[in-house]
Amino acid sequence: VQWESYRPTCVNLLRVFEVTGLALLTGTLFYDVGSDGSATGLGEKISLLFFSTTLWTFTRMYPAVGSYFEWKKAQKIVFGQQRFSIGTSCLARFLVTVAAESWWTFIYVFVCYTMAGIAGKITAVFNIGVFLALNTLCYMSIGSLLGILCPSVPHGMIASTIISQTSLVAAGFYTTLPPVIELIRFISPVYWTFKGIAKIAFHWSDTFTCIKGQGDVGPNECYVEFSIGINNLKNRGINVATYGDPDSGKVYVEMLVLVSLYAGLQLCIYFRYLFKYNNIGFSKDNPVTKRISSIGRRSTT
């Protein structure tokens, strides 16, 4: 039931054109930047990672607000007639969302990163796809929770914009932030996503063309660790491509945090329903239950 109601909004020919078109557009904009070994090329690679992250932050967040707002109304009837338990319904929706939404990012990265010339190892591109999928699912969960909590879709859209933009600014991409605001980044999915894919894309042994090189790599080659772009990332708490620091190449923490954020948001959705409908108390003599059941009978006839 959940799959039949959700699939038409996500798995369709229009969505294929959308994702493929975005991948081709991104690949065209950043075409063959992987072969550019200059400092400019390095900056364009960072821009590609940033663009990919922000793209998969908003793409499915706003539709989730409207989708879950309608799902919320449908669940009143389902729970009122006691067709399914709250846990079963939420679990089914969770599984359907993961199955329908998580694989689109892989189409995107395998198309655009190949065109950009930075595909490299297949495993690296696959891991980037995993991070973008988790980022999408996290922000979809935020939109879903707001669709349930807000009294209308426009209210949910406004709240989504405020939360998503705040998390984006708090990630520290644009400027160095005050210590108080920096604390928000630790619950910002986009921060952990970008940090993870930056670690995958850049290694301490990577080099770029410079005027005065380092002796062990060549007269006109420098390690990316000493580039302006990588230094800016480090100054903002994103430690990548650092010699002697094994953590700068490991993404286990970032992956674990994203999974935890996603699980936490899904639990919030579940407990919201559990708290709300347990307060109603679905007994046959409850007037609210009778009203919801009568609505369900009229809708079926």
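Q: Which residues does Val 11 touch, not counting residues up to four places away in sequence?
A: In this predicted model, Val 11 touches Trp 3, Ala 100, Trp 103 and Trp 104. These count as contacts because heavy atoms lie within 4.5 Å.

Q: Where is Val 11, and how far in space is it from Trp 104?
A: Val 11 sits in the loop between helix H1 (2-10) and H2. Val 11 and Trp 104 are 93 residues apart in sequence, and their C-alpha atoms are 9.6 Å apart in space.

Q: Why is Val 11 called partly exposed?
A: The relative accessible area of Val 11 is 24%. Buried means under 20% and exposed means over 50%, so a value of 24% falls in between and Val 11 is partly exposed.

Q: What makes Cys 210 and Cys 222 a disulfide?
A: The S to S distance between Cys 210 and Cys 222 is 2.0 Å. The cut-off for a disulfide is 2.5 Å, so the pair qualifies. The structure holds one disulfide.

Q: Why is the disulfide of Cys 210 and Cys 222 given a handedness, and which one?
A: The torsion about the S-S bond is about 85 degrees, so the disulfide is right-handed. The pair links distant parts of the chain, twelve residues apart. Cys 210 is in the loop between strand S1 (207-209) and strand S2 (221-223), while Cys 222 is in strand S2.

Q: How do you know whether Cys 210 and Cys 222 are buried or exposed?
A: Cys 210 has a relative accessible area of 14%, and Cys 222 has 10% relative accessibility. Buried means under 20%, so Cys 210 and Cys 222 are both buried.

Q: What about Cys 90 and Cys 150: buried or exposed?
A: Cys 90 is at 10% relative accessibility and Cys 150 is at 11%. With the limit for buried at under 20%, Cys 90 and Cys 150 therefore count as buried.

Q: How does the reach of helix H2 compare with the expected value?
A: Helix H2 (residues 13-29) has 17 residues and reaches 24 Å from its first C-alpha to its last. That is close to the 24 Å expected at 1.5 Å a residue.

Q: Which residues of H2 are buried, and why are they placed on the same side?
A: The buried residues are Arg 15, Val 19, Ala 23, Thr 26 and Gly 27. They cover an arc of only 100 degrees around the axis, which puts them on the same side of H2. An α-helix has 3.6 residues a turn, so residues three or four places apart point the same way. On the other side of H2, Leu 13, Leu 14, Phe 17, Thr 28 and Leu 29 are exposed.

Q: What makes Asn 12 a cap of H2?
A: A side-chain oxygen of Asn 12 lies 3.2 Å from the backbone nitrogen of Leu 14.

Q: Why is Thr 193 called buried, and what does Thr 193 touch?
A: Thr 193 lies in helix H10 (residues 189-201). Its relative accessibility is 0%, and buried means under 20%, so Thr 193 counts as buried. Leaving out residues up to four places away in sequence, Thr 193 touches Thr 53, Phe 131, Leu 132, Asn 135 and Leu 258.

Q: How do you know whether Gly 156 is buried or exposed?
A: Gly 156, in helix H8 (residues 153-170), has a relative accessible area of 0%. The limit for buried is under 20%, so Gly 156 is buried. Beyond its neighbours within four places in sequence, Gly 156 is in contact with Val 65, Leu 146 and Cys 150. The C-alpha atoms of Gly 156 and Leu 145 are separated by 9.0 Å.

Q: What is noted about the phi of Asp 32 and of Ala 241?
A: Asp 32 has a positive phi of about 60 degrees although it is not a glycine. Ala 241, also not a glycine, has a positive phi of about 50 degrees. Asp 32 is in the loop between H2 and helix H3 (39-58), and Ala 241 is in the loop between helix H11 (228-235) and helix H12 (252-280).

Q: Why do Asp 32 and Ala 241 get their accessibility labels?
A: Asp 32 has a relative accessible area of 36%, between the limits of 20% and 50%, so Asp 32 is partly exposed. Ala 241 is at 1%, under 20%, and therefore counts as buried.

Terms used. Residues are numbered from 1 along each chain as its sequence is written. This is a predicted model: local features need pLDDT of at least 70, side-chain atom pairs count only at pLDDT 80 or more; totals for chains, interfaces and linings use all residues. Side-chain values use heavy atoms; hydrogens and water are left out. Helices (H or I, at least four residues) and strands (E, at least two) are DSSP runs, numbered from the N terminus. Buried means under 20% relative accessible area, exposed over 50%, partly exposed in between (1.4 Å probe, protein chains only). The expected span of a helix is 1.5 Å times one less than its number of residues. The arc is that of the directions from the helix axis to the C-beta atoms. A polar contact is a pair of N or O atoms within 3.5 Å; within protein, one must be able to donate a hydrogen and the other to accept it, and residues adjacent in sequence count only if both atoms are side-chain atoms.
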